[in-house]
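Dear colleague,

I am passing on the structure we spoke about, and below it I set out what was found when it was examined. Please read the notes with the coordinates open beside you.

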Amino acid sequence: MPASLKFYRVLSFILIPIALLFAFIDVAFLVTAMANPSVLIFVFAIACLVIYTFASFSFLKRGIEKEQHQPAKLKDWIKVNAYVSLFLCSLFFLNGTSVLMSSDMVLMKITEEFMSQQAGLPEGLNIALMLKVIKAASMFLLITGLIGLMHIRTTLRLVKEYNYLFEN
């Protein structure tokens, strides 16, 4: 197995637990979207990332590794969801980068404004804790976005390379 395929395999196995986490979060957002339909586009984008992850993993395990023919629909599922996931992972990457490159003073000011607008926050929730949570979430999004972007780029290349595996 070439080194690039080994790297792709590692990225795929890293994305699986992330996709499971996002699937759980997506179900929670779906319930919220019933009351606020504007959230549906976000639910859709996260669902595309989850679908892409499992479709590309199926392509890796059955198609590339076992050389089994795949249905043409799988190729369509991979490509369509890859483009939406590409957009979402780009947003994750840009958001994570912008927050982590911002100064603590700017983040503290934004956090203070946000917390002042929220009613009924718990007593132990202070600005320092919120700042740590924001930075940790931004780091997670940055890493997820970077892994996703590399994985999507490689998947689209492999779909072209292994096009003969897809039944017409």
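**Helix packing**

The crossing of H3 and H5 is left-handed, a crossing being called left-handed if the near helix is turned anticlockwise from the far one by less than a right angle, and right-handed if clockwise. The axes of H3 and helix H5 (residues 127-161) come within 7 Å and cross at roughly 145°, where axes are lines fitted to C-alpha atoms, for helices over the stretch in contact, and angles run from 0 to 180 degrees between N-to-C directions. Sorted by class, the contact of H3 with H5 has 18 nonpolar, 10 polar and three charged residues; here Ala, Val, Leu, Ile, Met, Phe, Trp, Tyr, Cys and Pro count as nonpolar, Asp, Glu, Lys and Arg as charged, and the others, Gly among them, as polar.

Before going further, please note that this is a predicted model, in which local features need pLDDT of at least 70 and side-chain atom pairs count only at pLDDT 80 or more, while totals for chains, interfaces and linings use all residues. Residues are numbered from 1 along each chain as its sequence is written, and side-chain values use heavy atoms, with hydrogens and water left out.

H1 and H2 pack at an angle of about 150°, with their axes 8 Å apart. That makes H1 roughly antiparallel to H2, given that angles under 35 degrees count as roughly parallel, over 145 as roughly antiparallel, 65 to 115 as roughly perpendicular and the rest as oblique. H1 passes H2 in a left-handed crossing, and the contact of H1 with H2 has 23 nonpolar, three polar and four charged residues. For H1 and H5, the packing angle is about 130° and the axes are 9 Å apart, so H1 and H5 are oblique to each other; their crossing is left-handed.

**Overall build**

The protein has five helices and zero strands, where helices (H or I, at least four residues) and strands (E, at least two) are DSSP runs, numbered from the N terminus. Its C-alpha atoms fill a box of roughly 60 × 35 × 20 Å, taken along the principal axes. Of the 168 residues, 36% count as buried, with buried meaning under 20% relative accessible area, exposed over 50%, and partly exposed in between (1.4 Å probe, protein chains only).

**The largest pocket**

About 170 Å³ of space lies in the largest pocket. Grid points are joined across faces, edges and corners, and a volume is the space filled by probe spheres set on the points. The lining includes Phe 22, Phe 42, Asn 95 and Leu 141, and it divides into nine nonpolar, one polar and no charged residues. H3 gives the most to this lining, with four residues.

**Two single residues**

Glu 67, in the loop between helix H2 (40-65) and helix H3 (72-101), has a positive phi of about 55° although it is not a glycine. Glu 67 is partly exposed, with a relative accessible area of 43%. Ile 64, by contrast, lies in helix H2 and counts as buried at 7% relative accessibility.

With best wishes

How values were computed:
1 Å grid on protein atoms, 1.4 Å probe; cavity = no way out; pocket = protein on both sides within 12 Å on 5 of 7 lines; lining within 4 Å.
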